[in-house]
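Hi,

Here's the structure I said I'd pass on. Have a look at it first, and my notes follow below.

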Amino acid sequence: MAGLELSLERGFYQDNGASPWYGIIAVGSKPTIMKLALDTGTNMNWVTSTQCNTSSCTMPGRVRFDPTSSTTFTWVDQNNVFELDYGPWGKLKANLGKDVLNMPVFDNLGDVTMGLAIEYSGEKFDEVDWDGCLAFPSQGPMQDDMTFLFEQVLENGVLDATQTYFSYDTDPETKTGTCLLGGIDLTKIDPTSMLVLPFETYTTTSDGKKVAVDYIWSTALHSATFGSTAIASDATFCLDTGSSRFKGDEDYMNTILALAVAHPDADLTLEVGMTNGGSTGKLVVPPAIYNQKIEKGSNAGRIMPQFHELGGL
C-alpha cells in the first residue's frame, strides 16, 4: 500500500502557537471543503459549524459546515453540550455529530464522529488559520468517543498496519505540500539522517498521583542545549504537529527564550532518539527555524523566537 495522500496548504504564520499548515478535506455528501489541522497534539475532532455565530466562527475566510446540507450527516448527541478544552486558548463548546470525510485521492474515509462547534471565541481562535481539527493521537481513547481516524482506516484495511505513521512534504515558498498517511516517499529524504524515537507514554502528577497522558506522542529527551548552555536533561520530548512553537515547562522555555534574545545566532541542540547506526541522535535547530516572522494578527511584522511556556501538562 502506498498510503493516502492529502493536499496541504499554508496560511499565515501568527503569534498564537498554532501551525499555519492544514489539510484540504471535504466533509459531507454535498462536500464542504474545509481547512482541517492534522494534529498529533490532541484527541479531539471538531469543525466550525453553522450553529456557531461568534465572531471567531463568522470571521472572513472561515468555512462553516452546515449539517442540514448533507444527507449522510447524523447527530450523535445534539442535546448535550461538550466542552473541548484547549488549555490557555479557552474552551470550545460543541454538539457531537457524524459524517463522511473525503480526500482528493480517496473517497470516503468512513463515518467520523466529531464536535460541531456551537461556540468559541477569543483572540487565539480569531487568529487560527484552520476551520477545524482532525486528531492523530498516539493511542486512544478519544475524547467523548470521537472517531480515532487512524485506527478506523487501519481496521478497514485502507492502510498497512505496519505503517502507522504519516509524513509531511511542504514547500514554504509555494505554501503547498502533501501529507502521506501510512507512507513516506523515500526519494525525498536522506535515509541516513533519520532518527528513531522510542515511544514512551507521558505521565504527569495530579493530586499527588502519576497520571498517564495517553494521547501525546512522546520520547526521552536526553539533553537540551542552547549555544553552550545546558537547559535540560532526562526530560520528555513531545511531537505536536498542531503547534508552531517549541512549548513546554515554564522554567525551560523562559530560560531558552532569554538566551535566544541575548544570543540570536546560537543553535538549539536536542539529543533525542538514536541514529540508524545506534548512536544518540541530535536535532540541531538554527535561528532560521526558531525565529519566525509574524505575518498577521498580533505582533504582525515582528520576528520572534518561538519558545513558549505551556500550562496544563
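**What I found**

Residues 24 or more positions apart make up 61% of the chain's contacts with a separation of 6 or more. Keep in mind that this is a predicted model.

On the overall fold: the chain has 5 helices and 21 strands. Its radius of gyration is 20 Å, close to the 20 Å that the globule rule gives for 313 residues, so the chain is as compact as a globular protein of that length. If you're setting up a box, the C-alpha atoms fill one of roughly 60 × 50 × 45 Å along the principal axes.

Now the inside. Of the 313 residues, 44% count as buried. The largest nonpolar core has 52 residues, and the members that touch the most others in it are Leu38, Trp46, Leu92, Tyr120, Leu134, Phe136 and Leu181. Strand E2 (residues 21–27) gives the most to this core, with 5 residues. Phe136 is worth a click: leaving out residues up to four places away in sequence, Phe136 touches Leu38, Asp39, Thr40, Thr42, Leu149, Phe150, Phe166, Leu181 and Trp217. There's also a second, separate core of 18 residues, with Ala224, Ile231, Phe237 and Met253 among them.

Cheers

Terms used: Residues are numbered from 1 along each chain as its sequence is written. This is a predicted model: local features need pLDDT of at least 70, side-chain atom pairs count only at pLDDT 80 or more; totals for chains, interfaces and linings use all residues. Side-chain values use heavy atoms; hydrogens and water are left out. A nonpolar core is a set of buried Ala, Val, Leu, Ile, Met, Phe, Trp, Tyr and Cys residues joined through side-chain atoms within 4.5 Å. Buried means under 20% relative accessible area, exposed over 50%, partly exposed in between (1.4 Å probe, protein chains only). Helices (H or I, at least four residues) and strands (E, at least two) are DSSP runs, numbered from the N terminus. Contact means heavy atoms within 4.5 Å. The radius of gyration is taken over C-alpha atoms; the globule rule is 2.2 Å times the number of residues to the power 0.38.
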